[in-house]
Number of protein chains: 2
Amino acid sequence: MPDTKRVTSADVARLAGVSRATVSYVLNDTPRQTISAGTRTRVLDAAARLGYSPSAAARTLRTGRSDVVLCLLPDWPIGPEVGSLLGNLSAALTRHGLTLVVHPGSRGERPVAELWKAITPAAVISYTEFTDAEAAAMRSAGVAVVVAVPRRGRGRELAVPQELVGRRQAEHLVAAGHTRLGYAYPDDQRVRFFAEPRLAGVRAACAARRLPTPVGLTVPLDPSAAADCVRRWQSTEVTAVCAYNDEVALAVLAGARTAGLSVPGDLAVIGVDDIPPARLAAPPLTTVTTDQAVVGAHLAATVVAAMSGRSAPELPAADIVRVVPRDSA
Amino acid sequence: MPDTKRVTSADVARLAGVSRATVSYVLNDTPRQTISAGTRTRVLDAAARLGYSPSAAARTLRTGRSDVVLCLLPDWPIGPEVGSLLGNLSAALTRHGLTLVVHPGSRGERPVAELWKAITPAAVISYTEFTDAEAAAMRSAGVAVVVAVPRRGRGRELAVPQELVGRRQAEHLVAAGHTRLGYAYPDDQRVRFFAEPRLAGVRAACAARRLPTPVGLTVPLDPSAAADCVRRWQSTEVTAVCAYNDEVALAVLAGARTAGLSVPGDLAVIGVDDIPPARLAAPPLTTVTTDQAVVGAHLAATVVAAMSGRSAPELPAADIVRVVPRDSA
DNA sequence: CTGTTAGCGCTTTCAA
DNA sequence: TTGAAAGCGCTAACAG
């Protein structure tokens, strides 16, 4: 096995017959450094011939900042939407010369603090709030802190405000003539930062129409437990329910089935996310999606803006969340 | 905003009244270096007081190897099982002092090659095969290459061999008295590296019982298209089908429903993964799961072994994939 | 047992 | 327009 040593900028410099500084200049397109076309091409193809790619470690050490964007995942189970968001985000960041790297959150791990100190990322994107102290520490260490989804109210949203999602659900149901709504709350306490605002959105929509407050129930992902919930809604004259997400909505569907109710006849149901099983459900599930490509691109733009001190663009939130009408509502 | 400068080992050394080398020794528990208890504690709490954490960049630059394990995700949509695997893997690696970092594959990105060169990870875990050239290049650059899932036949498996999954499905169906099986192939060409071996497992199980070869059909995630498939199975006397995964199985269920067939009466169906919607389906879906915690821990162990030149432990594959019997088969 | 020293590969003044 | 040189923070010989 040929223990090939790493190709360094010195190798490139030697092959191109220039100094390492020059190599650095051309490879980085250093502003206010002009390089003769000849030298430039010579360096460029020396680099290509050698298969040179700079050491991120050295560069980071030198500049004090890497081109890595760290995304901290929450420790609750993530769905395909997150996967899609990350894919889009990664692509968008790559276009800006940044590298997205994701750290799967799993409880009982080394605290986040260690991680960002260790990686010196250009930016950190998180699904959970930082304490002010953490944020300050990171910022002063040169990290463009960005807290992602659950940021409520404080000005610009970095992702789609979850209230909007809830509002869309409720509006769809109300438009179909329902006046008494239920809300199917997830069984998993860890997602409450998402569920809370969605429910708030549903409440707001009802309030705006002077309809009664939605009756919320925690719905486990289990047909018979869900059936109990369905019966309780039934007994409170609820005719339509907004579910936290598609999985919960599927549980409601299963509950209705085992309780002997028909959907949407006896109970209309609407979910969130449009996961693949949604359209395969019985009946096919009406749901609301958000365009993750747009969110990903926007998040990337926000990160880039934050890094260069510019202010972030606005997310056209209203345009990218829409209901996918199917048969359940 | 206090632009606090990074705390370096020199700061710790100063506060502890020792040299940087000493700090390095105690913090790394350098083998064959003995440190007096007094010095050790002095250094340790100087570090604690300062909130010191070493610069990964510097360390990587110096040692030529980081403690990051890079996992390259495929560019096809990943399900919750992968999420769970990554969580477990991350936790397991952390216990070994390694940091898992995941790069979402998205098409059209900077080639993988660049990425590993840039990050100098201790190991790379991938869902897709490397070419021999890539593997050699990585290994010679000091990366303990580890190709994850689709590694077929070549000795030790790094993850559960997908043949086994298919075999389990078929065995369950056969044990229930079915003799003519169908295979529901995914519509997405990108997952064929997973689908192929699963189908092979089903075939092998049938062959072992001298049963006819399973009749394979590509099933789109769409009720009416799936209904066509179901009818074709019906016309070939297939009474039970193994689906590539739960989503495809859900499609088969939907197809049966729209074709007016009952499950499992007219057609039995078994999936793979046990995604949450599986138990909420009509009827609840029988499926086969694999214990991701075990796989995660094993993968971690493999990586660690590879890094220290030891040989990897064996994965008790047979023990960790089991069918979850519900109503569809 | 602890300190001195020499870089790892890169960027970036400062001179030439 | 290019080169020389000084480190970024850390580890690992080698001395003391």
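Author: A helix axis here is a line fitted to C-alpha atoms over the stretch in contact, and an angle runs from 0 to 180 degrees between N-to-C directions. The model is predicted: local features need pLDDT of at least 70 and side-chain atom pairs count only at pLDDT 80 or more, while totals for chains, interfaces and linings use all residues. Residues are numbered from 1 along each chain as its sequence is written, chains are lettered from A and ligands numbered from 1 in the order in which they are written, and side-chain values use heavy atoms, without hydrogens and water.

Reader: Why is H4(A) called oblique to H4(B)?

Author: The two helices pack at an angle of about 135 degrees, with their axes 8 Å apart. Angles under 35 degrees count as roughly parallel, over 145 as roughly antiparallel, 65 to 115 as roughly perpendicular and the rest as oblique. H4(A) is therefore oblique to H4(B). Their crossing is left-handed, a term for a near helix turned anticlockwise from the far one by less than a right angle; clockwise would be right-handed.

Reader: Which residues make the contact of H4(A) with H4(B)?

Author: Ala57(A), Ala58(A), Thr60(A) and Leu61(A) meet Ala57(B), Ala58(B), Thr60(B) and Leu61(B). Contact means heavy atoms within 4.5 Å. By class there are six nonpolar, two polar and no charged residues. Ala, Val, Leu, Ile, Met, Phe, Trp, Tyr, Cys and Pro count as nonpolar, Asp, Glu, Lys and Arg as charged, and the others, Gly among them, as polar.

Reader: What makes H8(A) and H9(A) oblique to each other?

Author: Helix H8 (residues 162-175) and helix H9 (residues 192-208) of chain A pack at about 45 degrees, their axes 6 Å apart. The pair is therefore oblique. H8(A) passes H9(A) in a right-handed crossing. H8(A) brings Gln162(A), Glu163(A), Val165(A), Gly166(A), Arg167(A), Gln169(A) and Ala170(A) to the contact, and H9(A) brings Phe194(A), Pro197(A), Arg198(A), Gly201(A), Val202(A) and Ala205(A). These divide into six nonpolar, four polar and three charged residues.

Reader: What surrounds DNA strand C?

Author: There are 26 residues around DNA strand C, and the closest are Ser9(A), Arg20(A), Tyr52(A), Arg62(A) and Thr39(B). Sugar and phosphate make up 56% of the atoms of DNA strand C that come within 4 Å of the protein. H2(A) gives the largest share, five residues.

Reader: How do you know that Arg20(A) has a polar contact with DNA strand C?

Author: A polar side-chain atom of Arg20(A) lies 2.2 Å from a base nitrogen of DNA strand C. A polar contact is a pair of N or O atoms within 3.5 Å, so the pair qualifies. Phosphate oxygens of DNA strand C lie 3.1 Å from a side-chain N or O atom of Asn28(A) and 2.7 Å from one of Thr22(B).

Reader: Which residues are closest to DNA strand D?

Author: Thr34(A), Thr39(A), Ser9(B), Arg20(B) and Tyr52(B) are the closest of the 26 residues surrounding DNA strand D. A phosphate oxygen of DNA strand D is 2.3 Å from a side-chain N or O atom of Thr39(A), and another such distance, to Tyr52(B), is 2.4 Å. The largest share of the surface near DNA strand D, five residues, comes from H2(B).

Note on methods. Near = heavy atom within 4 Å. Polar contact = N/O pair within 3.5 Å; in protein donor to acceptor, adjacent residues only side chain to side chain. Helix = DSSP H or I, 4+ residues; strand = E, 2+ residues; numbered from the N terminus.
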